[in-house]
Amino acid sequence: MISITAIIKSKKENTQQLHSLLNDLVTETRKEAACVRYDLHHAENVFIIWEEWKDQTGLDLHNNQSHLQDFITKSETFIAAPIQVYKTAQVL
């Protein structure tokens with residue numbers, strides 16, 4: 001199992017637009033066979049995606065999906081900082 005945490009900071013004036021793009025991304029990603037969990041969390045202008053993948057092959061496939069690439073392109077003008085992505089391991 002592979003865990004990913006992605007932190008996305010929206011420009012305050014673009015929070016709703018980014019939220020809409022993220023909703024589309026989550027909906028499409030959850031359809032992927034290797035996706036175990038893809039949960040979106042939100043606080044003010046910060047969005048956090050908590051992801052779990054069956055294996056590295058599935059994660060690699062996800063990273064090349066058109067819905068992810070479209071999100072990255074369309075969100076560029078709405079984000080306040082580069083997206084932070086952490087590949088993590090559960091410790092407890």
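1. Terms first. Buried means under 20% relative accessible area, exposed over 50%, and partly exposed in between, with a 1.4 Å probe and protein chains only. Helices (H or I, at least four residues) and strands (E, at least two) are DSSP runs, numbered from the N terminus.

2. Basis of the model. This is a predicted model, in which local features need pLDDT of at least 70, side-chain atom pairs count only at pLDDT 80 or more, and totals for chains, interfaces and linings use all residues. Residues are numbered from 1 along each chain as its sequence is written, and side-chain values use heavy atoms, with hydrogens and water left out.

3. Helix α3. His67, Leu68, Phe71 and Ser75 are its buried residues. Seen down the axis of α3, they fall within an arc of 100 degrees, so they line one face of the helix. The arc is that of the directions from the helix axis to the C-beta atoms. An α-helix has 3.6 residues a turn, so residues three or four places apart point the same way. The buried residues of α3 pack against β1, α1 and α2. Contact here means heavy atoms within 4.5 Å.

4. Ser75. This residue lies in α3, which spans residues 66–75. Ser75 is buried, with a relative accessible area of 1%. Its side chain reaches the backbone oxygen of Phe71 at 2.8 Å. A polar contact is a pair of N or O atoms within 3.5 Å; within protein, one must be able to donate a hydrogen and the other to accept it, and residues adjacent in sequence count only if both atoms are side-chain atoms. Leaving out residues up to four places away in sequence, Ser75 touches Leu18 and Leu21.

5. Helix α1. Residues 15–29 form this helix of 15 residues. From first C-alpha to last, α1 reaches 21 Å, close to the 21 Å expected at 1.5 Å a residue. The expected span is 1.5 Å times one less than the number of residues. Buried in α1 are Thr15, Leu18, Leu21, Leu22, Leu25, Val26 and Thr29. Seen down the axis of α1, these buried residues fall within an arc of 140 degrees, so they line one face of the helix. Their cover includes β1 (2–9), β2 (35–43), β3 (46–53), α2 (56–63) and α3.

6. The α1/α3 pair. The two helices pack at an angle of about 170 degrees, with their axes 10 Å apart. Axes are lines fitted to C-alpha atoms, for helices over the stretch in contact, and angles run from 0 to 180 degrees between N-to-C directions. α1 and α3 are therefore roughly antiparallel to each other, a label for angles over 145 degrees. On the α1 side, the contact is made by Leu18, Leu21, Leu22, Leu25, Glu28 and Thr29. On the α3 side, His67, Leu68, Phe71, Lys74 and Ser75 make it.

7. Helix α2. Gly58, Leu59 and His62 are the buried residues here. Seen down the axis of α2, they fall within an arc of 100 degrees, so they line one face of the helix. Thr57 and Leu61, on the other side of α2, are exposed. Cover for the buried residues of α2 includes β1, α1, β2, β3 and α3.

8. Glu44: check the backbone. Its phi is positive, about 55 degrees, although Glu44 is not a glycine. Most residues other than glycine have a negative phi. Glu44 lies in the loop between β2 and β3. Glu44 is exposed, with a relative accessible area of 66%.

9. Thr15. This residue of α1 counts as buried at 16% relative accessibility. Not counting residues up to four places away in sequence, Thr15 touches Ser10, His42, Glu44, Asn45 and Phe47.

10. Ile48 lies in strand β3 and counts as partly exposed at 32% relative accessibility. Beyond neighbours within four places in sequence, Ile48 is in contact with Thr5, Ala6, Ile7, Asp39, Leu40 and His41. Ser20, in α1, is partly exposed, with a relative accessible area of 37%.

How values were computed. Angles under 35 degrees count as roughly parallel, over 145 as roughly antiparallel, 65 to 115 as roughly perpendicular and the rest as oblique.
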